[in-house]
Amino acid sequence: MLDPFGRRITYLRVSVTDRCDLRCVYCMAEDMTFLPKAEILTLEELDRLCGAFIGLGVEKIRLTGGEPLVRRNVISLFRSLGARLGGGGLRELTVTTNGTQLAKLAGELHAAGVRRVNVSLDTLDPATFTAITRWGRIEQTLDGIFAARAAGLAVKINAVALKGVNEHEFDRMIAWCGEHGFDLCLIETMPLGEISGDRTEQYLPLSLVRSRLKRSWTLEETDYRTGGPARYYTVRETGRRIGFITPMTHNFCESCNRVRLTCTGTLYMCLGQEDAADLRRPLRDPAVDEEGLREAILEAIARKPRGHDFVIDRRHNRPALARHMSVTGG
Ligand code: SAM
Ligand code: SF4
């Protein structure tokens with residue numbers, strides 16, 4: 001599956017629900033209106049759609065959300081997709097989660113074929129964790145992280161860098177990740193969706209963070225790439241990787257290998273653009289067969305734009321895109 005700019009599309013991110021048990025301040029408003037159930041694809045529909053993408057060359061699928069692990073019976077989707085690993089064409093099945101359900105589900109995820117999980121944890125301080133997530137308890141996420149490790153899953157910690165909130169904690173987080181064997185990825189805030197706060201106050205350029213970290217740590221450049229917006233280094237003192245996701249300060253679009261599917265079957269060809277394709281209509285249309293579904297996907301890929309241009313609108317404090325990150329799952 002090649003897009004108009006010759007990029008091979010091999011990575012599908014799927015938001016399996018728009019719901020979440022937390023309300024991180026940079027991601028959601030406190031009282032969110034969630035989608036009516038009829039609009040949301042069933043797990044069987046999601047599996048069928050993912051199967052079509054795999055048939056067209058997708059090798060890696062990441063389930064995200066909202067919080068993917070709060071969707072009822074989501075493990076059955078992991079199992080059906082996991083069955084496509086190896087000979088089925090899929091090479092990797094992963095998940096991005098806030099970790100609250102991992103203590104319960106880590107073993108089942110591993111049994112389904114998942115080998116790596118990304119867990120969002122912006123702070124190691126219990127009070128800051130509760131403030132960022134509006135009501136979360138850090139113990140629940142930490143229990144989940146250690147359950148994942150115990151189940152044999154490699155853990156990468158994702159932390160959104162927030163000015164004045166967790167910026168003094170990154171040294172500690174690098175040391176903690178080193179101690180427990182986790183990679184770490186720092187993420188710059190992105191202007192997606194109305195969130196009832198001031199984004200320009202939260203925005204912290206990672207170029208600044210990186211130069212500060214270099215005072216305490218030796219960051220060795222690596223050529224490790226995932227086709228995404230992360231730039232990775234090895235922290236010599238811990239031997240673990242640290243990634244910096246900087247969509248606002250760098251252009252990473254040339255190597256983009258991914259598209260994003262929402263839980264309603266809308267395909268976004270670019271995280272930073274509004275253009276999207278409705279795949280639910282062909283999926284639910286009895287007159288459309290597998291070939292028709294493949295054609296709808298290919299037609300969407302043919303519209304994948306060259307890139308995006310995020311800006312935080314400083315004058316109006318408006319998001320660059322109206323949809324929330326929980327729609328496309330990051
Ligand atoms: N609930 C899961 C989680 O928190 O990992 C998966 C979905 S969440 C939307 C995926 C990632 O997007 C998380 O790491 C989260 O921190 C990040 N995120 C959410 N809103 C963001 C924003 N406005 N800017 C940058 N990252 C954001
Ligand atoms: Fe939920 Fe993840 Fe968004 Fe936080 S970042 S509110 S955990 S979807």
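Modeller: A cavity is a set of points on a 1 Å grid, laid over the protein atoms alone, where a 1.4 Å probe fits but cannot get out. Points are joined across faces, edges and corners, and the volume is the space filled by probe spheres set on them. By this rule, this structure has three cavities of 30 Å³ or more. One thing before we go on: this is a predicted model, so local features need pLDDT of at least 70 and side-chain atom pairs count only at pLDDT 80 or more, while totals for chains, interfaces and linings use all residues. Residues are numbered from 1 along each chain as its sequence is written, chains are lettered from A and ligands numbered from 1 in the order in which they are written, and side-chain values use heavy atoms, with hydrogens and water left out.

Biologist: Okay, what is the volume of the largest cavity, and which residues are closest to its centre?

Modeller: The largest cavity comes to about 90 Å³. A lining residue has an atom within 4 Å of a point. Here 14 residues do the lining, and Phe252, Cys256, Cys270, Leu271 and His308 sit closest to the centre. Sorted by type, the lining has seven nonpolar, two polar and five charged residues. In this sorting, Ala, Val, Leu, Ile, Met, Phe, Trp, Tyr, Cys and Pro are nonpolar, Asp, Glu, Lys and Arg are charged, and the others, Gly among them, are polar.

Biologist: And which residues line the second largest cavity?

Modeller: That cavity has a volume of about 70 Å³. Its lining includes Leu22, Cys24, Tyr26, Asn98, Asp122 and Phe129. By type, the lining splits into five nonpolar, four polar and one charged. Helix H4 (residues 126-133) supplies the largest share, three residues. Helices (H or I, at least four residues) and strands (E, at least two) are DSSP runs, numbered from the N terminus.

Biologist: What about open spaces? How do I read a pocket?

Modeller: A pocket is an open set of points with protein on both sides within 12 Å along at least five of seven lines. The second largest pocket here has a volume of about 450 Å³. Of its 15 lining residues, those closest to the centre are Lys37, Ile40, Leu41, Arg71 and Arg72. The pocket lining holds six nonpolar, four polar and five charged residues.

Biologist: Which residues are around ligand 2?

Modeller: A residue is near a molecule if one of its heavy atoms lies within 4 Å of it. For ligand 2, these are Cys20, Leu22, Arg23, Cys24, Cys27, Met28, Gly66 and Asn98. That shell has five nonpolar, two polar and one charged residue.

Biologist: Next, cores. Which residues touch the most other members of the largest nonpolar core?

Modeller: In soluble globular proteins, nonpolar side chains tend to be buried together. A nonpolar core is a set of buried Ala, Val, Leu, Ile, Met, Phe, Trp, Tyr and Cys residues joined through side-chain atoms within 4.5 Å. The largest one here has 75 residues, and Ile61 and Phe78 touch the most other members. Helix H1 (residues 43-55) gives the most to this core, seven residues. Another core, of 19 residues, lies apart from it, with Cys20, Ile132, Cys185 and Met325 among its members.

Biologist: Why does Ile9 count as buried?

Modeller: Buried means under 20% relative accessible area, exposed over 50%, and partly exposed in between (1.4 Å probe, protein chains only). Ile9 counts as buried because its relative accessibility is 1%. You'll find Ile9 in the segment before strand E1 (11-15). Contact means heavy atoms within 4.5 Å. Beyond its neighbours within four places in sequence, Ile9 has contacts including Met1, Gly57, Cys256 and Ile301. Ile9 and Cys256 are 247 residues apart in sequence, yet 7.9 Å apart in space, C-alpha to C-alpha.

Biologist: Is Thr100 buried or exposed?

Modeller: Thr100 is buried, at 8% relative accessibility. Its place is the loop between strand E3 (92-97) and helix H3 (102-112). Leaving out residues up to four places away in sequence, Thr100 touches Asp21, Leu22, Gln140 and Thr141.

Biologist: Last one: what is the phi of Asn73, and of Arg134?

Modeller: Most residues other than glycine have a negative phi. Asn73 has a positive phi of about 65° although it is not a glycine. Asn73 lies in the loop between strand E2 (60-64) and helix H2 (74-82). Arg134 also has a positive phi, near 75°. Arg134 sits in the loop between H4 and helix H5 (138-150), and counts as partly exposed because its relative accessibility is 21%.
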